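Look at the structure below and follow the chain from its start.

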Amino acid sequence: MNLKAMLEEAAEHYGGKTAIALGDRRLSYAELDEASNKVANALIKMGVEKGDRVAMLLPNSPEFVVIYFGITKIGAVAIPLDTKYKVGELASLFDDSRPKVLVTESPFLEPLVPILPRFNYIEHVIDLGSKYEGRFLSYQEIMATGSARKVEVEPEPEDIANIAYTSGPTFRPRGVMLS
């Protein structure tokens, strides 16, 4: 069973029950499924296809989970990146993973803005903040206007869902691919 099917099944069986809680914020399984469909359909509209990589430079949050599921629902590869990485480290990881889309928020995006043109493989930036409204795609706009229809793409068990960067004893990050 893949992550897409697991979430859809959970939404069907436990729709109104809480899936994510952070402080006073709550998302039910049905809301998580619907929101991740909006992200998935927005990514498809941007031209993201199965196997394309989407970097996530985000803190732990409900949006992180929504975006992660949205990426995996279309068979794209989620690349969660630590928000503590410095610009040089991020540049190295971008060059290694070559994401088509970067999803982040203003505080983490700000130091990257001057060097973003260097990464010609990053076709879209989605900003969860509002500092760069009009310059980058807005997560709020995706959530407000995106289609919540079920995603028809079916990831295969051998598809890569996630690349996790870890340095271990070498202190040089290496991408670990997880299906």
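Strand S1 (residues 18-22) and strand S2 (residues 25-28) run antiparallel and are joined by 4 bridges. Helices (H or I, at least four residues) and strands (E, at least two) are DSSP runs, numbered from the N terminus, and two strands pair if DSSP finds at least two bridges between them. The model is predicted: local features need pLDDT of at least 70, side-chain atom pairs count only at pLDDT 80 or more, and totals for chains, interfaces and linings use all residues. Residues are numbered from 1 along each chain as its sequence is written, and side-chain values use heavy atoms, with hydrogens and water left out.

**The hairpin of S1 and S2**

- Thr18 stands opposite Ser28 in S2.
- The hairpin has 2 residues between its strands, and Gly23 takes a positive phi near 60° there.

**Strand S3 and its partners**

- S3 runs parallel to strand S4 (residues 77-80), and 4 bridges join the two.
- S3 also runs parallel to strand S5 (residues 101-104), again with 4 bridges.
- Met56 has Pro80 as its bridge partner in S4 and Val103 as its bridge partner in S5.
- Together with helix H3 (residues 62-73), S3 and S4 make a right-handed β-α-β unit; a crossover is right-handed if, with the strands pointing away from the viewer, the path from the first strand over the helix to the second runs clockwise.

- Helix H1 (residues 3-14) packs against helix H2 (residues 29-45) at an angle of about 140°, with the axes 8 Å apart.
- That angle makes H1 oblique to H2 (angles under 35 degrees count as roughly parallel, over 145 as roughly antiparallel, 65 to 115 as roughly perpendicular and the rest as oblique).
- Axes are lines fitted to C-alpha atoms, for helices over the stretch in contact, and angles run from 0 to 180 degrees between N-to-C directions.
- H1 passes H2 in a left-handed crossing; a crossing is left-handed if the near helix is turned anticlockwise from the far one by less than a right angle, and right-handed if clockwise.
- The contact between H1 and H2 is made by Leu7, Glu8, Ala10, Ala11 and Tyr14 of H1 and by Tyr29, Ala30, Leu32, Asp33 and Ser36 of H2 (contact means heavy atoms within 4.5 Å).
- H1 and H3 cross at roughly 120°, and their axes come within 8 Å.
- This makes H1 oblique to H3.
- From H1, Leu3, Lys4, Leu7 and Glu8 make the contact with Tyr68, Phe69, Thr72 and Lys73 of H3.
- H2 and H3 cross at roughly 55°, with axes that come within 7 Å.
- H2 and H3 are therefore oblique to each other.
- H2 passes H3 in a right-handed crossing.
- Residues in the contact between H2 and H3 include Leu32, Asp33, Ala35 and Ser36 of H2, and Val65, Val66, Ile67 and Phe69 of H3.

**Buried residues**

- Asp33 lies in helix H2.
- Asp33 counts as buried, because its relative accessibility is 13%.
- Apart from neighbours within four places in sequence, Asp33 is in contact with Leu7, Glu8, Ala11 and Lys73.
- Leu112 is in the loop between helix H5 (106-109) and strand S6 (124-127).
- At 0% relative accessibility, Leu112 counts as buried too.
- Leaving out neighbours within four places in sequence, the contacts of Leu112 are Leu57, Val87, Leu90, Phe94 and Leu102.
- Leu112 and Leu90 are 22 residues apart along the chain, and their C-alpha atoms are separated by 8.8 Å.

- Arg98 lies in the loop between helix H4 (87-97) and S5.
- Arg98 is partly exposed, with a relative accessible area of 49%.
- Most residues other than glycine have a negative phi.
- Arg98 is not a glycine, yet has a positive phi of about 50°.
- Pro157 sits in the loop between helix H6 (139-145) and strand S8 (162-166).
- Pro157 is exposed, with a relative accessible area of 65%.
- The C-alpha atoms of Pro157 and Ala11 are separated by 21 Å, and the two residues are 146 residues apart along the chain.

Definitions and conventions: Buried < 20%, exposed > 50% of the residue type's maximum accessible area, 1.4 Å probe, protein only.
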